[in-house]
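Please open the model in your viewer and keep the sequence panel beside it.

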Amino acid sequence: MLETLRLGGNSISSSSVSLTYSSTSLNTLDLSDNNLPSSAIYPWLFNVSSNLVSLDLSSNQLKGPIPDAFGNMMAIQEHLGYNLLNGSISKSIGQLSNLQVLRLAGNSFDGDVISEAHFSKFPNLQELDLSYTSLTLKFNTGWIPPFQLSQIKLCSCKLGPRFPDWLRTQMDFLLVLEYLDISASGISDSLPYWFWDSLHGLNFINMSFNQISGTFLNKSIAVRHLDLSSNNFSGPLPSFSSIFMESINLSKNKFTGSVSRICNITAELLELLDLSNNLFSGLVPDCFKRLWSLTALNLADNSFTGSLPSSLGFLTPLEMLSLRGNKFSGELPSSLQNCTKLKFLDLSDNELSGEVPMWIGQRLSRLVFLSLQRNQFRGRIPHRLCGLKYLQILDLSVNKISDTIPPCINNFTSMAEKVSLDRRIEHHLSDEGIFVSFTRLRYVDEALFTWKGTKQRYPQLGLLLAIDLSCNKLTGEIPKELNRLQELVALNLSRNFFTGKILQKIGHLRQLGVLDLSRNKFSGNIPTSLSELTFLSTLDLSGKIPTSTQLQSFDPSSFSHNRGLCGPPVSPSCSMVEPPPSKPAVGGEEDCDEFMKWFYTGMGLGFAVGFWGFCSVVFFKRSWMHS
């Protein structure tokens, strides 16, 4: 007698379901991840469902509303998720009095309203997952649910604008509720006084992407994973008392004052600390030795001053460090070279000085993103920097860097060789915890999406691989080795003192979508190989535009910043254009600001397309997704 049937993971076809498995004694059925349509499942299912206790139909191709026949499965304890269900949810679902897990996440019930009538006969319900369904939950004030939940997952549901008071009934029972996600739920309210006093056994809280306000005076938080990002919380940094905390995200709020309280954190397992985009100020305390387990630290876009703490060097597991948009000064502490696992390093928009350290290329060999943009770095680009074979973004713009570009630039393997998306993912995720990994990847996405402050359309670009050395004091000729960076998508060498001819084979960089070589001292003609750049969408040069279907197809407005260009589509011929007035090779910082706003218009979406393509592979790769 067949009682359990597990056929998840593309192990069955739609034509074989009803023909092969017809036992009416089934109590456990798992058909998840098979891409089965409604027509293949429903007729057979409702004939064998009388004794079903556990049912998993997640990640199939079920469409339309939830059939009323589900209301007849009186013994069922678990349900559906991640299909293509839509329409309204019948109140007959409330007849499933034995239901313990209701999982409808990832379906599209946009506009449907859930009331207490749907939950009136769920006394045994333990887990509620309506994430990403866009359902509206409208309960009467003072409603007391008949169940006590251990997991509440309501991301993207419409709960607001008031903070849902029924949650208090779920938090008053000791050590029952463990997981609470009400992120992006349209709440615009102050956090109720009872909330932090009712935490007890909660391990996970996500209230991000709302407009919740409040302060944390005399409150101490003890939660394993805490995400309050993108809200209106204010006041000083809260205290954190749990030794088991693993992630803290307070970014994009209005917290103020010192962050000296991080020295009181005793969590030896803390992997993620994000205090970015707040109003914190003053010195960052030199006490990171006690936070030795951090893998991601984000203090960006505050008003911190002084030198970088040397104790950062104790964070040997660190893989993501963002300190951009502050007022840090002085040289980089040599102790930072101990963070050999760093993959993302953003120190841009500060007042850091000295030479670019050689140890970045020697010791931080896993870097994927490196930005020292808008600082006071001087000297030459160290040859050791060429050792960063995984590098995808290099931004040294708006500094005082001089001398020539090292010929070894072709050692940037990730820019020179086509690497499969799977291999990039394996490098980025390697042996990391998936929760922190994806949180960190989200930060990388945001950093690149807002790189140079742009969010315009650039749909033809894929994964972004870019070099920006603009607004420096670089000299000499562009090394011919740059021609080997076949995967390069964006190249900006403008506002320098480069001489000689533009690389004649620059058109062999077939992935280039953005190119700026303007405001230098080049001689000779614009290379005709530019006509081979079929992805090119932004170009800043001066001289005669070479005949090319691609360049002639541009709208004239695309060349609006190229006052030295002539020929179609800018003008019928070069003889009709007066030469532009001479300009100094390098403008001031304000000039660079204005220029870069124009140059990087559109680059953001290009990365987003590549990044979410990157993530989709992870989400649909079962071993990683299930982790």
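**First stop: a salt-bridge network**

Begin by selecting Asp-301, which counts as partly exposed because its relative accessibility is 26%, where buried means under 20% relative accessible area, exposed means over 50%, and partly exposed lies in between, with a 1.4 Å probe and protein chains only. This is a predicted model, in which local features need pLDDT of at least 70 and side-chain atom pairs count only at pLDDT 80 or more, while totals for chains, interfaces and linings use all residues. Residues are numbered from 1 along each chain as its sequence is written, and side-chain values use heavy atoms, with hydrogens and water left out.

Arg-324 is buried, with a relative accessible area of 18%. If you also select Asp-346, you will have a network of salt bridges that links Asp-301, Arg-324 and Asp-346.

By the same rule, the count comes to nine salt bridges. Select Lys-343 and Glu-319, whose side chains meet in a salt bridge at 3.9 Å, N to O. Here too the pair links distant parts of the chain, with Lys-343 in the loop between β25 and β26 and Glu-319 in the loop between β23 and β24, 24 residues apart. Lys-343 is buried, and so is Glu-319.

Then move to Lys-480 and Glu-481, whose side chains meet in a salt bridge at 3.8 Å, N to O. Is Lys-480 buried or exposed? Lys-480 is exposed, with a relative accessible area of 61%, whereas Glu-481 is buried, at 17%.

**The parallel sheet**

Switch to a cartoon view and follow the open sheet of twelve strands, which are paired in parallel in the order β13-β16-β19-β21-β23-β25-β27-β29-β31-β33-β35-β37; two strands pair if DSSP finds at least two bridges between them. At the edges stand β13 (213-214) and β37 (521-522), each with a single partner strand, so one side of each is left without a neighbour in the sheet.

Next select Ser-281, which is placed in strand β21 (residues 279-283) and is partly exposed at 32% relative accessibility. Leaving aside neighbours within four places in sequence, Ser-281 is in contact with Gly-257, Ser-258, Ser-303 and Phe-304, where contact means heavy atoms within 4.5 Å. Ser-281 and Lys-327 are 46 residues apart in sequence, and their C-alpha atoms are 9.4 Å apart in space.

**An exposed loop residue**

Select Glu-331 in the loop between β25 (327-330) and β26 (344-346); Glu-331 is exposed, with a relative accessible area of 53%. Which residues does Glu-331 contact, leaving aside its neighbours within four places in sequence? They are Ser-353 and Gly-354. The C-alpha atoms of Glu-331 and Leu-308, 23 residues apart along the chain, are separated by 8.2 Å.

**The whole chain and its confidence**

Finally, select the whole protein chain, whose secondary structure comes to eleven helices and 40 strands. Buried residues make up 56% of its 627 residues.

Colour the chain by pLDDT, the predictor's confidence in each residue from 0 to 100: the average is 79, and 72% of the residues score at least 70. Over residues 431-441 the pLDDT is below 50, and this stretch has 25 contacts in the model beyond near neighbours in sequence. Over residues 447-462 the pLDDT stays under 50, and the model has 56 contacts for these residues beyond four places in sequence.

Key
Helix = DSSP H or I, 4+ residues; strand = E, 2+ residues; numbered from the N terminus. Salt bridge = Lys/Arg side-chain N within 4 Å of Asp/Glu carboxyl O.
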